[in-house]
Amino acid sequence: MEKDEIFDEELDAVEDFNFGEKVAAVFDDMLNRSVPFYQEIQRMIAEMSADFATDGTHIYDLGCSTGTTFLNLDQHIGNRVKYFGIDNSEDMLEKCRKNLSDKKFSGEYELICSDLNKGIHIENASVVLMVLTLQFIRPLYREKLIKSIYHGMNENGCLIVVEKVIGEDSLFNRLFIKYYYDMKKRNGYSELEISQKREALENVLIPYKLLENRELLLSQGFRYCDVFFKWYNFCGIVAVK
């Protein structure tokens, strides 16, 4: 696993964050060091998905990146379903394809390069995953995207969303961000790296409050919605059609 050192040198101008070749090469390390309890979240996603996945249906990972989630699902679900991985980065999909091949992924799968801001076609889905993905969709398109997901899912299927979130008020928001940056420092990131990555993400990662995300899901028809993970400014939500 290559180490994330993308922002370790001072840049003259920090460009908007993108999921190109440099990020794809270090993405697994970036997630492990930047997302609290990332491995535990992945474990929880796999065990919940196994309960909702039904034989002969489809599982969609929207923003599949390097394929980590599919590899975890393979251990719990295997080839009972067909997997669809969708990402807007060819570099990520190339890394995903290699990881699935190297780890001898057992299920039938299809990887598709597509921009979720432009919509999505989903069918026969028992599980849909958006792991740190919805926050990168422009707010203008989020409602339409969730509606498309809902209509493409089978009855009693589940949507699992993991997101960075804003605190419900400014006091907690400031504290949660401080605790988050403290975690990144414990995981080896410098003040410079934290600052430059924050600047790079400013225009592309637009988080909602937890309750705003919950309301978004319920407003599009999901019957049940609950929080399965919460750590300061990160949360995991599961919704059932």
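Trainee: Why are α6 and α7 called oblique to each other?

Mentor: Start with the angle: the axes of α6 (170-186) and α7 (191-201) cross at roughly 130 degrees and come within 10 Å. Angles run from 0 to 180 degrees between N-to-C directions, with axes fitted to C-alpha atoms over the stretch in contact. Under 35 degrees is roughly parallel, over 145 roughly antiparallel, 65 to 115 roughly perpendicular, and the rest oblique. An angle of roughly 130 degrees falls in "the rest", so the pair is oblique. By the way, this is a predicted model, where local features need pLDDT of at least 70 and side-chain atom pairs count only at pLDDT 80 or more, while totals for chains, interfaces and linings use all residues. Residues are numbered from 1 along each chain as its sequence is written, and side-chain values use heavy atoms, leaving out hydrogens and water.

Trainee: Which residues meet where α6 and α7 touch?

Mentor: Y181, K184 and K185 of α6 meet E191, I194, K197 and R198 of α7, where contact means heavy atoms within 4.5 Å. By class, that gives 2 nonpolar, no polar and 5 charged residues. The classes go like this: Ala, Val, Leu, Ile, Met, Phe, Trp, Tyr, Cys and Pro are nonpolar, Asp, Glu, Lys and Arg are charged, and the others, Gly among them, are polar.

Trainee: Which residues of α7 are buried?

Mentor: E193, I194, Q196, K197, A200 and L201. Helices α1 (21-34) and α6 are among what covers them. Buried means under 20% relative accessible area, exposed over 50%, and partly exposed in between (1.4 Å probe, protein chains only).

Trainee: What makes L134 count as buried or exposed?

Mentor: Its relative accessibility is 1%, so L134 counts as buried. L134 is found in the loop between β4 (125-131) and α5 (139-152). Setting aside neighbours within four places in sequence, L134 touches R142, L145, I146, V161, E163, N213 and L216.

Trainee: How is K104 classed, buried or exposed?

Mentor: K104 has 67% relative accessibility, so it counts as exposed. K104 lies in the loop between α4 (90-102) and β3 (108-113). Its phi is worth a look too: near 55 degrees, a positive value in a residue other than glycine.

Trainee: Why is α2 called oblique to α3?

Mentor: Helices α2 (residues 38-52) and α3 (residues 68-76) pack at about 50 degrees, with axes 9 Å apart. That angle makes α2 oblique to α3. The crossing is right-handed. Contact residues include Y38, Q42 and I45 of α2 and T68, T69 and N72 of α3.

Trainee: What makes α1 oblique to α4?

Mentor: Their axes cross at roughly 40 degrees and come within 8 Å, which makes α1 oblique to α4. The crossing is right-handed as well. E21, V23, A24, A25, F27 and D28 in α1 meet D91, M92, K95 and N99 in α4, dividing into 5 nonpolar, 1 polar and 4 charged.

Trainee: How many helices and strands does the chain have?

Mentor: There are 8 helices and 7 strands, taken as DSSP runs numbered from the N terminus (helices H or I, at least four residues; strands E, at least two).

Trainee: How do you know how compact the protein chain is?

Mentor: Compare its radius of gyration, 17 Å, with the 18 Å that the globule rule gives for 241 residues: the two are close, so the chain is as compact as a globular protein of that length. The radius is taken over C-alpha atoms, and the rule is 2.2 Å times the number of residues to the power 0.38. Also, 54% of the 241 residues count as buried.

How values were computed: A crossing is left-handed if the near helix is turned anticlockwise from the far one by less than a right angle, and right-handed if clockwise.
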